[in-house]
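Please look over the sequence and the model shown here before reading on.

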Amino acid sequence: MTVTYLEVDQGKLAVEVQGEGPLVVCSPGMGDTRDAYGPLASQLVASGYRVACMDLRGHGDSTATFTRYGDEATADDYLTVIKAIGGGPAILMGASLSAAASVIAAGRQPDLVAGLVLIGPFLRNPGNKLMVSIFKFALLNPWGPTLWRSYAASLWPGLGDKASERAASTVKSLTRPGRWSAFRATVAGADHSVVAPWIERVRAPVLVVIGDADPDWSDPLAEAKWVASNFEGSETIEVPGAGHAPMFEKPELVTPGVLKFAERIDFNKGA
């Protein structure tokens with residue numbers, strides 16, 4: 001395991017690189033850290049892939065000094081990682097906000113992207129704009145970390161009692177000195193309307209992964225169906241009992257499908 005720090009936008013992006021072979025770049029959802037890919041990454045490495053897992057700006061081991069946060073900044077980071085460590089084109093694996101970012105990256109530079117794995121993807125903003133605005137405002141207040149901890153604990157029903165433990169751990173990380181302001185900037189920068197212009201420019205094969213108990217949607221399977229409808233020939237894995245991080249909650253159900261998808265990717269196309 002090697003952790004590399006890439007300097008961009010006045011911050012340092014933490015990227016953990018493992019294995020040898022075709023490149024897979026993974027980025028977690030907002031508020032989470034790169035270890036959410038731990039079980040899946042281990043299997044990918046064992047199957048002959050080089051896996052780079054990054055922490056979002058202001059999250060985990062990445063610094064909190066960046067000048068930009070959100071969907072478009074994370075899209076830049078995907079492309080930066082590929083260019084910095086070499087080995088592209090790559091499969092981009094993104095959860096939630098990072099899924100949006102991966103689509104933007106694939107639209108911007110299709111020659112660097114061999115495939116997309118979209119996990120609990122936000123390719124458009126939630127329908128209830130008022131509730132989203134209220135939620136974002138609430139995070140600005142002193143009770144913001146407590147609110148996020150409660151919300152985060154609901155995101156991973158597949159973890160059972162351990163969901164609360166992970167929520168507490170992620171909030172502890174997010175409330176280190178200088179971190180909460182960076183997290184709020186990430187929340188503010190999570191405008192998924194910026195994804196739309198890039199969807200039709202994606203040329204890579206797409207796999208959608210959705211937990212059927214994901215609380216971010218009233219009907220997560222319907223949302224996954226809409227996401228998949230935007231990409232010709234896309235595939236979908238529905239994960240029973242999983243929430244917003246199915247690759248971490250139910251890796252035994254997600255990993256086989258991801259490996260099968262990766263086996264069909266032509267990593268030489270566009271290289």
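Predicted model: local features only at pLDDT ≥ 70, side-chain atom pairs only at ≥ 80, totals over all residues.

Residues are numbered from 1 along each chain as its sequence is written, and side-chain values use heavy atoms, with hydrogens and water left out. Helices (H or I, at least four residues) and strands (E, at least two) are DSSP runs, numbered from the N terminus.

**The sheet**

- An open sheet is formed by 8 strands in the order β1-β2-β4-β3-β5-β6-β7-β8, with mixed pairing; two strands pair if DSSP finds at least two bridges between them.
- Its edge strands, each of which pairs on one side only, are β1 (2–8) and β8 (235–239).
- From one strand to the next, the twist averages 20 degrees.
- Strand β7 (residues 206–211) pairs with β8 in the parallel sense over 5 bridges, and V209 has I237 in β8 as its bridge partner.

**Helix α11 on the sheet**

- Helix α11 lies across β5 (90–95), β6 (113–119), β7 and β8, and runs at about 170 degrees to β8; axes are lines fitted to C-alpha atoms, for helices over the stretch in contact, and angles run from 0 to 180 degrees between N-to-C directions.
- V254, which is found in α11, is buried, with a relative accessible area of 1%; buried means under 20% relative accessible area, exposed over 50%, and partly exposed in between (1.4 Å probe, protein chains only).
- Leaving aside neighbours within four places in sequence, V254 is in contact (heavy atoms within 4.5 Å) with V209, I237, V239, P246 and M247.
- The C-alpha atoms of V254 and V239 are separated by 7.2 Å, although these residues are 15 residues apart along the chain.

**The α1 and α11 pair**

- Helix α1 (residues 38–46) packs with helix α11 (residues 251–263) at an angle of about 40 degrees, and their axes are 10 Å apart.
- In this contact, P39, L40, Q43 and L44 of α1 meet P251, T255, V258 and L259 of α11, and these residues divide into 6 nonpolar, 2 polar and no charged.

**Loop residue T33**

- T33, in the loop between β3 (23–27) and α1, is buried, with a relative accessible area of 17%.
- Not counting residues up to four places away in sequence, T33 touches P28, D55, G60 and R166.

Methods:
Nonpolar A, V, L, I, M, F, W, Y, C, P; charged D, E, K, R; others polar.
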